[in-house]
Amino acid sequence: MQLIAAEITKIVKSRTTLVLTLLGVLLIGVGVVFVVTDDTFTGAFLGTDPQLASLVDQIGGAYIIVLIVGALSLTTEFRHGTIGRTFMLTPSRTAVLSAKLAASALYALVFTVVGIITVVLALTVLGELSLAAIGSQTLRALVITPIGLMLAAILGVAVGAVVRSQVLTVAGTLIYAFLVETLIGQFFPAVARWLPFQALGGVFSSPQTRAAIPDGFAMPLPIGTASAIFLTYVVALLAIAVTLLRFRDV
Amino acid sequence: MTANTVLELDGVTKQFGSLTAVDNLSFSMRSGSILGFLGPNGSGKSTTMRIIVGLTTATKGRALINGVPYRKLADPIRTVGAIVDGVGHTPGLRAIDELAIAAKSVGIARQRCEEVLDTVGLTAAAGRRVGGFSLGMRQRMGLAHALLGDPELLLLDEPANGLDPQGIQWVRELLRSLAAEGRAILVSSHLLSEVAKLADDVLVIRHGAVIAKGTIAELTSGTARLTVVSSDPARLAERLSVNGAAVVRADNTLTVTGITAEQVGQLAFDAGIALQQLASSQTDLEEAFLELTQGEGIR
């Protein structure tokens with residue numbers, strides 16, 4: 001627990017975490033405004049259960065924030081050379097990795113709460129706050145979102161452990177998530193939905209969000225399949241991360 | 001391994017591809033001793049220290065602290081404190097916070113962080129971000145981290161690097177007081193005069209292998225330079241050369257190395273040569289080091 005507490009403090013004390021969290025709030029806020037005010041994809045906003053669920057999906061849509069925070073928990077240490085001190089303090093590298101996973105997952109939970117607050121505040125500002133319609137779809141989204149975000153944070157830690165370079169990790173993740181997978185989605189939509197971030201998109205997609213996907217774009221995998229596929233990627237990358245971290249010199 | 005042996009390296013070898021960074025290195029340290037660890041740039045000193053604390057894995061051999069590898073120590077931070085090359089600081093954190101996070105991870109109270117900051121003279125800078133520290137202040141922070149667990153063995157790679165003369169003197173006195181408390185200290189430094197003032201023993205490595213070890217007196221005595229003035233310098237020079245000395249002649253004066261003054265006196269007496277002057281000028285550690293490492297430079 002001491003080690004986890006220390007890792008949580010590292011995340012909390014980082015100014016980058018604060019900046020990224022604020023960026024996440026902005027992304028979620030813009031997403032909410034878009035869903036509420038734009039009738040093109042989701043129809044007029046009436047505050048129905050499916051529409052509220054699609055608002056919660058906006059929190060999951062900011063998965064890249066928690067993924068990067070997770071990755072930075074390791075790459076920052078490699079960048080500044082503090083990983084050596086961390087491993088001198090706690091020679092069990094598996095224990096250090098586990099603590100970073102726990103701390104990053106906890107950050108994902110906190111980010112979910114911050115996201116929910118952002119959604120509520122945005123709806124209040126827009127004069128559309130009505131929680132009376134919350135139903136099974138919204139509740140399902142509220143359960144799925146933190147789980148998906150925690151898995152994204154864990155994937156981030158694993159990517160950071162494998163790549164080590166902060167610039168490569170952040171730039172590579174952004175390019176892969178938003179360019180490579182998007183391009184593959186354009187040309188090979190049937191293949192694309194099996195890729196990590198498309199699968200994660202499937203985890204966060206409520207029926208309302210799926211209904212809003214324009215023709216020609218790949219339909220996400222069903223939530224169960226998407227969750228299983230993304231979890232497989234997380235476990236596989238984590239296994240590589242553990243192996244590399246244990247046996248590579250730092 | 002004797003009862004008070006704190007650190008023992010046994011045949012430690014580290015290869016990076018075809019490069020042998022550390023080559024069958026063996027030595028040990030006892031409690032309360034200060035061992036100067038010297039070698040030219042790239043001789044394997046830092047790699048050796050990283051192997052001792054488990055950051056780098058030895059290709060062969062083993063490094064044991066109190067009989068066990070670092071990674072298996074029950075309480076590593078209270079056993080070993082280290083300043084290791086390549087281990088840095090988080091620039092965005094305040095000094096006290098960086099120490100407090102390290103302390104928190106191993107269950108050390110925050111009060112101890114304040115104590116070590118005071119020990120290294122950084123109390124006034126406790127609230128400042130480490131990123132704004134000078135090189136000397138970062139070195140003091142490194143020492144604070146090393147002392148956090150009040151360890152019995154200190155591994156210090158260039159601890160005086162970046163310090164001003166007062167700071168260097170302060171480090172020397174601090175390390176002496178720490179050794180007097182019974183701690184073993186392995187210290188590498190490019191300030192050879194400092195090592196000479198500080199260390200009980202010296203270990204010199206080159207290309208990762210030990211080329212000399214012993215007390216500073218032992219290391220420097222083998223390279224004492226003798227000035228000899230005699231009645232027959234040509235014949236004496238020949239006698240000395242035959243007996244393994246290196247001799248340089250300038251008129252009646254011979255400069256002799258590689259042989260003791262007693263041996264010179266005996267050889268001159270045996271040959272019936274009168275000595276008008278026989279003086280020994282002791283070489284210092286730096287000269288001995290350069291001779292041992294064949295002028296490869298100092299790290």
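Let's start with Q15(B), whose bridge partner in β2(B) is T20(B). That pair belongs to strand β1 (residues 5-16) and strand β2 (residues 19-30) of chain B, which run antiparallel with eight bridges between them. When I say helix or strand, I mean DSSP runs numbered from the N terminus: H or I over at least four residues for helices, E over at least two for strands. And two strands pair if DSSP finds at least two bridges between them. β1(B) and β2(B) make a hairpin with two residues between them, and G17(B) in the turn has a positive phi of about 65 degrees.

Quick housekeeping. This is a predicted model, so local features need pLDDT of at least 70, and side-chain atom pairs count only at pLDDT 80 or more, while totals for chains, interfaces and linings use all residues. Residues are numbered from 1 along each chain as its sequence is written, and chains are lettered from A and ligands numbered from 1 in the order in which they are written.

How confident is the predictor? The model scores ipTM 0.85 and pTM 0.84. pLDDT is the predictor's confidence in each residue, from 0 to 100. Chain B averages 89, and 95% of its residues score at least 70. Where pLDDT is low, the predicted coordinates should not be read in detail.

Now chain B as a whole. There are 11 helices and 13 strands in chain B, and its C-alpha atoms fill a box of roughly 75 × 40 × 35 Å along the principal axes. Of its 299 residues, 42% are buried. Buried here means 20 or more other C-beta atoms within 10 Å of the residue's own, exposed means 12 or fewer, and partly exposed is in between, with C-beta atoms placed from the backbone.

Strand β12 (residues 253-257) is joined to strand β10 (residues 225-230) by four bridges, antiparallel, and V229(B) stands opposite T253(B). β12(B) also runs antiparallel to strand β11 (residues 246-250), this time over five bridges, with V248(B) partnering T255(B). β11(B) and β12(B) form a hairpin with two residues between them, and D251(B) in the turn has a positive phi of about 55 degrees.

Which residues of β12(B) are on its covered face, and which on the uncovered one? L254(B) and V256(B) are on the covered face, while T253(B), T255(B) and T257(B) are on the uncovered one. In a regular strand the side chains alternate between the two faces of the sheet.

On to the cores. A nonpolar core is a set of buried Ala, Val, Leu, Ile, Met, Phe, Trp, Tyr and Cys residues joined through C-beta atoms within 7 Å. The largest one has 150 residues, and V66(A), A153(A) and L155(B) have the most contacts inside it. Helix α8 (residues 136-163) of chain A gives the largest share, 14 residues. There's also a second, separate core of nine residues, with L226(B), V228(B), L240(B) and V256(B) among them.

What does L155(B) touch? Leaving out residues up to four places away in sequence, L155(B) touches M49(B), I52(B), V53(B), V80(B), A82(B), V84(B) and L186(B). A contact means two C-beta atoms, placed from the backbone, within 7 Å.

Next, where the chains meet. 27 residues of chain B are in contact with 21 residues of chain A. α3(B) provides the largest share of chain B's side, five residues.

Over on chain A, the buried residues of helix α1 are L3(A), A6(A), E7(A), I8(A), K10(A) and I11(A). They pack against α2 (15-37), α5 (63-80) and α7 (93-126) of chain A, together with α3 (95-105) of chain B.

A226(A), in helix α13 (residues 223-247) of chain A, is buried because 22 other C-beta atoms lie within 10 Å. F269(B), in helix α10 (residues 261-271) of chain B, is exposed, since there are 11 other C-beta atoms within 10 Å.

That's my tour, thanks.
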